[in-house]
Amino acid sequence: MSRTKKMVFLSILVSTSLILYIIEGMLPVPFIAPGAKLGLANIITVTSLYLFGFIDTLIVLIVRILLATFFASSPSTFFYSLGGGLLSLIVMYLVKNIGKNHVSEVGVSVSGGVFHNIGQMLVASAIVQNIKIMIYLPVLMIAGIGTGIFVGLSSKFLLKHWNKLKILKY
């Protein structure tokens, strides 16, 4: 694939994830746990990880977080998103590569959902300078598993139909 074509695809992934992030912000929160979200933008992160690999997905993630902070959130959410997103991406990459033929997109996504919450709680405990805030982590872990399943199934569906584009084979 040419550099130009790859850049166009990565740009489309960034814009799609940004749109999903903004739409998600307009939805009422369906969870009892405050702070829990569906993580719709993570559908694109998981998909990008399978299509383009770690470095390109890292670029998509960071650009999306920067643009989302600029367009649709506050500067403080930048640190939470970055902490959760980076830890999540690293763990998903490791699970995907270590598990190769034994872990599906859903498993990779669930690990990302759980570690996204861990990353955000680590950032929160650093900001408030109190590790006791981690007591809330089990509640977020349950939400992370549920949203990880949803994101993984959505990514699996997206990847299954990706080959219909006949431009970039998965």
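Mentor: Happy to. Buried here means under 20% relative accessible area, exposed means over 50%, and partly exposed lies in between, using a 1.4 Å probe and protein chains only. This is a predicted model, where local features need pLDDT of at least 70, side-chain atom pairs count only at pLDDT 80 or more, and totals for chains, interfaces and linings use all residues. Residues are numbered from 1 along each chain as its sequence is written, and side-chain values use heavy atoms, leaving out hydrogens and water.

H6 has 26 residues and reaches 35 Å from its first C-alpha to its last, close to the 38 Å expected at 1.5 Å a residue (the expected span is 1.5 Å times one less than the number of residues). Its buried residues are Leu137, Leu140, Ala143, Gly144, Thr147, Gly148, Val151, Gly152, Ser155, Leu159 and Trp162. An α-helix has 3.6 residues a turn, so residues three or four places apart point the same way. The buried residues of H6 pack against H1, H2 and helix H5 (105–128), with contact meaning heavy atoms within 4.5 Å.

Two of those partners also pack on each other: H1 and H2 (residues 41–52) meet at an angle of about 160°, their axes 7 Å apart. Axes are lines fitted to C-alpha atoms, for helices over the stretch in contact, and angles run from 0 to 180 degrees between N-to-C directions. That angle makes H1 roughly antiparallel to H2, a label for angles over 145 degrees. H1 brings residues including Lys6, Phe9, Leu10 and Leu13 to this contact, while H2 brings Ala41, Ile44, Ser48 and Phe52.

Lysine 6 counts as partly exposed because its relative accessibility is 30%, whereas aspartate 56, at 11%, counts as buried. In H3, Val60, Leu61 and Arg64 are among the other buried residues, and their cover includes H1, H2 and helix H4 (75–99).

Methods: Helices (H or I, at least four residues) and strands (E, at least two) are DSSP runs, numbered from the N terminus. Angles under 35 degrees count as roughly parallel, over 145 as roughly antiparallel, 65 to 115 as roughly perpendicular and the rest as oblique.
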